[in-house]
Amino acid sequence: MRIEVVRSGGFSGIPAHAALDTAGRPDAGHLHALAEAALAPGPPQAPTPDGYSYDITVDARTVHCADPQLTHPQRELIRLLLDEGA
Amino acid sequence: MGVFCTIVPPHVLDALARSGDATLSAYARRTLEHDARERTRRRLTTVIGPTLAAARPTGVPAAGPSDGPRRTIHDAAHLDTLPGTTVREEGAKPSKDGSVNRAYDGLGATFETYLKAYGRHSVDGKGLPLVASVHYLKDYNNAFWNGEQMVFGDGDGRIFLDFTLPVDVIGHELTHGVTQYSANLDYFGQSGALNESVSDVFGSLIKQYSLGQTAEQADWLIGAGLLAPGVHGEALRSMKAPGTAYDDPNLGKDPQPGSMSGYVSTSEDNGGVHLNSGIPNRAFYLAAAAIGGHAWEQAGQIWYDTLTGGSLSTRAQFADFAAATVAAATARYGEGDQSRAVASAWQQVGVTPAPGSAVPRQQPGEQTQEA
């Protein structure tokens, strides 16, 4: 399973991008469950000025989400991939 | 571990956005956001009513809002629950936590600048309490306005330091609140870039007011002191010279354009709101530099009149905003150096004011008291 996070927006406006392949990883099971859960969209919201927006893509499926209303699986997955306190 | 994490330049992301399902997802996202935005606007209209920026003549009656801020700082304790635990209220002695005190002081500086320079009581003009949360999440590289309060991350220490450090960042976020309660510019495309630019303009003016600087003395930087040691850059944005704030192996080069010839069309970041804001940012700098003296006094007053005067559509484009600033300059100072400086500034960044799009609904002289 390929998992990708693309971040845009934020006060800085500086984008970020990270991806991983779960093949062969010891935590693949955890990641698969997390990714599936993250694909469930949160509530729609108006754009938050300076909030980060994220596109999470799991294989061919993409969900869009944005701060501050990320679901817990989305938050955890983003933190795991971007490794910078998302 | 199979993880690769890079910060990539926007043109690479654009290529990503154009590939595969991204177009479809972007379309769905726009639809969702548009619907949510409409709901927000309807709610706001019922809250603030049709008369934006209510007139408050000189000599505020006793029943008016207080001339002092009402601040509350919370500690989010590295979680995502807002606002978190109350750690400092108005009038309380300083905390041992530097982030708490910087947020408190920055809210105060912002309140004071809006009051003294423009006669505005807080972000809504009616004394709205100012709420901020610090230590949002862990190593979080951002600060934002969530429609009700300010939120600050600590930064990861590698790229960004604590977001409470630069007072212009605090002023920038609170100005998103001012915009929400006045022109309520749509956070998308050119109106979104104007929303961002207005926050940079007043964020910088709050810093300049605090330091007592003239337009010539000011650095015109946004986020100076926010980049971690070792990052090649002096700030996140330069209003004077967009595109020159940083040039770093990890961050890439500051991609902001300073004129319409460099306007960026993109689906990312709500249509490039943090990119194209460089164009109106530079227009403000050019106007302020030409007028001279303290930028918050005349150039700032013209932009403030434009933002709060009621003539702007929520979907105002650069040309509409430009026309409104020229009209505001003329309404307040007559045909003269100020209106010519403003018109020339927009011309220099390649924006032609839209004809007949800006007629002030109020006489600006009725709106504010002079400091």
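## Helix α3 of chain B against α8

In chain B, helix α3 and helix α8 (residues 299-308) pack at an angle of about 95 degrees, with their axes 11 Å apart. The two helices, α3(B) and α8(B), are therefore roughly perpendicular to each other, since angles of 65 to 115 degrees are counted in that way. On the α3(B) side the contact is made by B:Y114, B:A117 and B:Y118, and on the α8(B) side by B:G300, B:Q301 and B:Y304. By class, the residues of this contact of α3(B) with α8(B) divide into four nonpolar, two polar and no charged. These values, like the others in this report, were computed from a predicted model.

## Helix α3 of chain B against α4

Helix α3 (residues 98-118) of chain B also packs with helix α4 (residues 167-180) of chain B, here at an angle of about 55 degrees and with the axes 9 Å apart. That angle makes α3(B) oblique to α4(B), and α3(B) passes α4(B) in a right-handed crossing.

From α3(B), the residues B:R102, B:A103, B:G106, B:L107, B:A109, B:T110 and B:Y114 take part, and they meet B:V167, B:I170, B:G171, B:L174, B:T175 and B:V178 in α4(B). The residues of this contact of α3(B) with α4(B) comprise eight nonpolar, four polar and one charged. B:Y114 is listed in the contact with α4(B) and in the contact with α8(B).

## Helices α7 and α10 of chain B

Another helix pair in chain B is formed by α7 (residues 278-291) and α10 (residues 337-348), which pack at an angle of about 145 degrees with their axes 8 Å apart. The crossing in which α7(B) passes α10(B) is right-handed. The contact draws on B:P280, B:R282, B:A283, B:L286, B:A287, B:A290 and B:I291 of α7(B), together with B:Q338, B:A341, B:V342, B:A345, B:W346 and B:Q348 of α10(B). Sorted by class, the contact of α7(B) with α10(B) has ten nonpolar, two polar and one charged residues.

## Nonpolar cores

The largest nonpolar core has 79 residues, of which B:F152, B:F202, B:W220, B:F284, B:W303 and B:W346 touch the most other members. Helix α3(B) gives the most to this core, with ten residues. When residues up to four places away in sequence are not counted, B:W346 touches B:P280, B:A283, B:W303, B:F321, B:A322, B:T325 and B:V351. A second, separate core of 27 residues includes A:V5, A:A35, A:V58 and B:F144.

## Chain B as a whole, and its helix α6

The secondary structure of chain B comes to ten helices and ten strands, and 57% of the 371 residues of chain B count as buried. Among contacts in chain B between residues at least 6 apart in sequence, 63% join residues at least 24 apart.

Helix α6 (residues 269-276) of chain B has eight of its eight residues buried, so it is largely enclosed by the rest of the structure. The buried residues of α6(B) are B:D269, B:N270, B:G271, B:G272, B:V273, B:H274, B:L275 and B:N276.

## A position in chain A

In chain A, A:A28 lies in helix α1 (residues 28-38). A:A28 counts as buried because its relative accessibility is 14%, and buried means under 20%. The C-alpha atoms of A:A28 and A:M1 are separated by 8.6 Å, although these residues are 27 residues apart along the chain.

Conventions:
Residues numbered from 1 in each chain as written. Chains lettered and ligands numbered in written order. Predicted model: local features only at pLDDT ≥ 70, side-chain atom pairs only at ≥ 80, totals over all residues. Heavy atoms only, no water. Axes fitted to C-alpha atoms, helices over the stretch in contact; angles between N-to-C directions. Helix = DSSP H or I, 4+ residues; strand = E, 2+ residues; numbered from the N terminus. Parallel < 35°, antiparallel > 145°, perpendicular 65-115°, else oblique. Left-handed = near helix turned anticlockwise from the far one by under 90°. Contact = heavy atoms within 4.5 Å. Nonpolar A, V, L, I, M, F, W, Y, C, P; charged D, E, K, R; others polar. Core = buried A, V, L, I, M, F, W, Y, C linked by side-chain atoms within 4.5 Å. Buried < 20%, exposed > 50% of the residue type's maximum accessible area, 1.4 Å probe, protein only.
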